[in-house]
Amino acid sequence: MNSNVSMVSLDSFKLPVGTAPVACVDIGGTKVAVSIVDAQGVRGKLAEPTAVSGANDALAQQIIRLVGQSCAIAGVALDEIAKVGVASCGPFVLNQGLVELAAPNICGGQAGPARGLPNDWKTALLEAPLRAAFGQVRVENDGIGALEAERRWGALQDGGVSLANCAYVTWSTGIGTGLCVDGHVLRGKNGNAGHAGHIFVSDNSDALCGCGNVGDVEGLVAGNALARRFAPAGYPDAAALFAAAYAGDTGAAAIIDDVCQVMGRMLYSMIATLDLSRISIGGSVYWHHRDYLLPRLRSVVHGKLPPLTDGCELVSAGLGERVGDFGALALVA
């Protein structure tokens, strides 16, 4: 399958006439995006850097404010909102059955001061404040939201039929996945199924993940990890690393090949463990360099245990850069 896929337009999506509006919230380690969706379409979209300072309800209060502002822009009364769908980076911790975030790129109390976050939160309050403000709220890991969206509208379907054995992988600020086996979306005891980014693969001392692990996939190849690990070599961020490789820098190209080995082995492990038929890949690091990365990832997986891998495709996300927006929408639409 070609890496260039035809993408659904979120801007053309509308709820049926007479359906109450919903709010969609996409929480990442870098930004929070909010929009309102109703019979007129997707409106009032706002985005801000994710709140990571102050009290540990700062993120929840940011979302409450943004939903109110988004409603005002869209001309929708706040009390008209029927549901709020929240697709968030994780992991999650359940407190009296309600989700709090223990996200490594948001909660500085996970790895401590060495990680550089301006807080000491062990968790960030999320579901309880949102339920108090809005009532009906559905919170899921953003990998699950993106998986549901890709199965409904994107690359994880064939002829309009959702694939039964598939996964979505985001390669962005962090590394996350959503998993589906035998037609069942996997969630686990706290909604954390799919945190393959925290699989240990190395003892690299320079690979401190925000969760406190040293040498897991996220600590090695996530967007923020690339900046931390390779800035001393002259590549201050992922964009600079790839630009150098495109310009013929063999050192940068070798680094990216090594990074693809790590990510490709994670993908292989998912295929071997779950017997998948397709994995779609998105996220900012991947998406902006997909034509360079996808063949390299495929080459790592190809030929490994053919009875499993020969039946599994690696493809680019059908929903492109907006898979996070679609993920939140899939939770409530």
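Modeller: Two strands are said to pair if DSSP finds at least two bridges between them. With that in hand we can read this model, which is a predicted one, beginning with β5 and β6, which pair in the antiparallel sense over four bridges.

Colleague: How many residues lie between β5 and β6 in the hairpin?

Modeller: The hairpin formed by β5 and β6 has two residues between its strands, and Q96 in the turn has a positive phi of about 55°. If you follow the two strands, you will find F92 standing opposite L101 in β6.

Colleague: Which strands make up the open sheet, and in what order?

Modeller: The open sheet has three strands in the order β5-β6-β7, and the pairing is antiparallel. Its edge strands are β5 (92–95) and β7 (124–125), each of which pairs on one side only. Strand β6, made of residues 98–101, pairs with β7 in the antiparallel sense over two bridges.

Colleague: Which helix lies across β6 and β7?

Modeller: Helix α2, residues 127–134, lies across both strands, and runs at about 125° to β6.

Colleague: Which residues does the cis peptide bond join?

Modeller: The cis peptide bond joins G90 and P91, and its omega is about 5°. To find it, look in the loop between β4 (83–88) and β5, where P91 is located.

Colleague: Why is helix α5 largely enclosed by the rest of the structure?

Modeller: Here the reasoning needs a cut-off, in that buried means under 20% relative accessible area. In α5, which covers residues 223–230, six of the eight residues are buried, so the helix is largely enclosed by the rest of the structure. The buried ones are G223, N224, A225, L226, R229 and F230, and they pack against α4 (217–221), α6 (238–246), α7 (250–274) and α8 (284–287).

Colleague: How much space lies in the largest pocket, and which residues lie nearest its centre?

Modeller: The largest pocket holds about 770 Å³ of space. Its lining has 41 residues, and those nearest the centre are D26, G28, D142, T170 and S172. The elements that give two or more residues to this lining are β1, α3 (142–153), β11 (166–171), β12 (175–181), α8 and α11, and α11 supplies the largest share, four residues. Sorted by class, the lining has 10 nonpolar, 23 polar and eight charged residues.

Colleague: What space lies in the second largest pocket?

Modeller: About 180 Å³ lies in the second largest pocket. Of the 12 residues that line it, R298, H302, T309, C312 and E313 are the closest to its centre. Two or more residues come from each of α9 (290–301) and β15 (313–316), with β15 giving the largest share, three residues. By class, this lining divides into six nonpolar, three polar and three charged residues.

Colleague: Which residues line the largest cavity?

Modeller: A cavity differs from a pocket in that a probe fits inside but cannot get out. The largest cavity has a volume of about 30 Å³, and is lined by C24, V25, D26, A33, V34, S35, K45, G324, D325 and A328. The elements giving two or more residues to that lining are β1 (22–27), β2 (31–38) and α11 (323–330). The lining divides into five nonpolar, two polar and three charged residues.

How values were computed. Residues numbered from 1 in each chain as written. Predicted model: local features only at pLDDT ≥ 70, side-chain atom pairs only at ≥ 80, totals over all residues. Heavy atoms only, no water. Buried < 20%, exposed > 50% of the residue type's maximum accessible area, 1.4 Å probe, protein only. Contact = heavy atoms within 4.5 Å. 1 Å grid on protein atoms, 1.4 Å probe; cavity = no way out; pocket = protein on both sides within 12 Å on 5 of 7 lines; lining within 4 Å. Points joined across faces, edges and corners; volume = space filled by probe spheres on them. Nonpolar A, V, L, I, M, F, W, Y, C, P; charged D, E, K, R; others polar. Axes fitted to C-alpha atoms, helices over the stretch in contact; angles between N-to-C directions.
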